[in-house]
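Open the model in your viewer and keep the selection panel at hand. The stops below go from aromatic rings to a pocket.

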Amino acid sequence: MKYLLSIIITSFAFNSYYSIGDTVNVEHLNIPLNICYGENEGSTITLADNIGKVTLLGIDATWWPTTGCSIGLETIAQYYDLDNRISILQNLDGINQPYTCDQWADFGGIESYSLVDDGDAYTLYDLFSINGGWHSIAIFDQHMVFRYYGFQ
């Protein structure tokens, strides 16, 4: 019983599906991401659309208390704004809890990248957050190999 309880607790503490060096599988590459703020607001993209590009994926939530901290991604996005080999996205979980996508964008002064929403579940968070970290960034190479995870 103690062994089973340890497994259950560990699975919640380290809930990432992927580890650094893993290639994202086709099913996960095709998860629809609704663009809720940015140049293509209202459309849907997938990680598969970024094959061939280095992709930076911010993982955040509108209820996270440091909503203004997306400024780090904005700085990177402005620097690489004209480089079409790099894609920068920020996934927001908990839209409207308490902030809308537009309100959250206003906190961070977001201008150069898109905010996306993977739906009601914490799908991207579950796939790529390591050690249960919010307000983080995952980086994928052009072949969609998970290369880096860290906090913004």
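This is a predicted model: local features need pLDDT of at least 70, side-chain atom pairs count only at pLDDT 80 or more; totals for chains, interfaces and linings use all residues.

Residues are numbered from 1 along each chain as its sequence is written, and side-chain values use heavy atoms, with hydrogens and water left out.

**Rings**

Select Tyr17 and Tyr18. Their rings form an edge-to-face pair, with 4.8 Å between centres and 65 degrees between planes. Rings of Phe, Tyr and Trp (its six-membered ring) pair if their centres lie within 6.5 Å; planes under 30 degrees apart are stacked, over 60 edge-to-face, the rest tilted. Tyr17 is exposed at 53% relative accessible area, whereas Tyr18 is buried at 4% (buried is under 20%, exposed over 50%, partly exposed in between, with a 1.4 Å probe and protein chains only).

Tyr18 sits in the loop between α1 (2–13) and α2 (26–29) and Phe128 in helix α5 (residues 123–128), so the pair ties together parts 110 residues apart in sequence. Helices (H or I, at least four residues) and strands (E, at least two) are DSSP runs, numbered from the N terminus.

**Pocket**

Now select Glu39, Ile88, Ser112, Tyr113 and Ser114. Of the 22 residues lining the largest pocket, these lie nearest its centre. A pocket is an open set of points on a 1 Å grid over the protein atoms alone, where a 1.4 Å probe fits, with protein on both sides within 12 Å along at least five of seven lines; lining residues have an atom within 4 Å of a point. Finally, colour β4, which gives the largest share of this pocket's lining, 4 residues.
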